[in-house]
Amino acid sequence: QVQLVESGGGLVQAGGSLRLSCAPSGSNTMGWFRLAPGKEREFVAAISWSGGSTYYSDSVKGRFTISRDNAKNTVYLQMNRLKPEDTATYYCAAQYRGNYYDESGYHYWGQGTQVTVSS
């Protein structure tokens with residue numbers, strides 16, 4: 001069974017940027033989800049296997065960019081203009097069914113990487 005590994009999280013001030021990486025990726029739609037304390041895991045972004053289609057939650061649209069490099073088997077999440085409400089553990093996952101925003105259709109989850117945005 002394939003396991004994914006996220007990296008790139010850390011502590012950053014509001015308005016700053018971070019770039020998350022997830023590897024290995026395969027021939028799947030790949031998604032990023034996040035889990036904040038006391039909240040449910042929520043969809044952040046997804047990208048099709050070819051990279052031709054991308055999807056974002058309204059809360060991150062215009063600030064975050066998902067991309068993938070299949071030659072490197074890696075998916076990225078560039079996060080700009082970070083806000084304190086972006087603080088969460090970020091997970092990547094590979095989709096096997098369903099809608100891109102529905103976490104129940106994903107498998108091969110990573111262990112998560114912590115993103116903390118200070119005021």
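Reader: Hi! Before we start, what makes two rings a pair?
Author: Rings of Phe, Tyr and Trp (its six-membered ring) pair if their centres lie within 6.5 Å; planes under 30 degrees apart are stacked, over 60 edge-to-face, and the rest tilted. This is a predicted model, where local features need pLDDT of at least 70, side-chain atom pairs count only at pLDDT 80 or more, and totals for chains, interfaces and linings use all residues. Residues are numbered from 1 along each chain as its sequence is written, and side-chain values use heavy atoms, leaving out hydrogens and water.

Reader: Is Phe 33 buried or exposed?
Author: Phe 33 is buried (under 20% relative accessible area; exposed is over 50%, partly exposed in between, with a 1.4 Å probe and protein chains only), at 1%.

Reader: Why is the pair of Phe 43 and Tyr 100 edge-to-face?
Author: Because their planes are at 65°, with the centres 5.4 Å apart. Phe 43 is buried at 11%, while Tyr 100 is partly exposed at 30%.

Reader: New topic: which ring does the charged end of Arg 41 sit over?
Author: That of Tyr 91, 4.9 Å from its centre. For this, NZ of Lys or CZ of Arg must be within 6 Å of the ring centre and within 35 degrees of the ring normal. Arg 19 also lies over a ring face, that of Tyr 76, at 3.9 Å from the ring centre.
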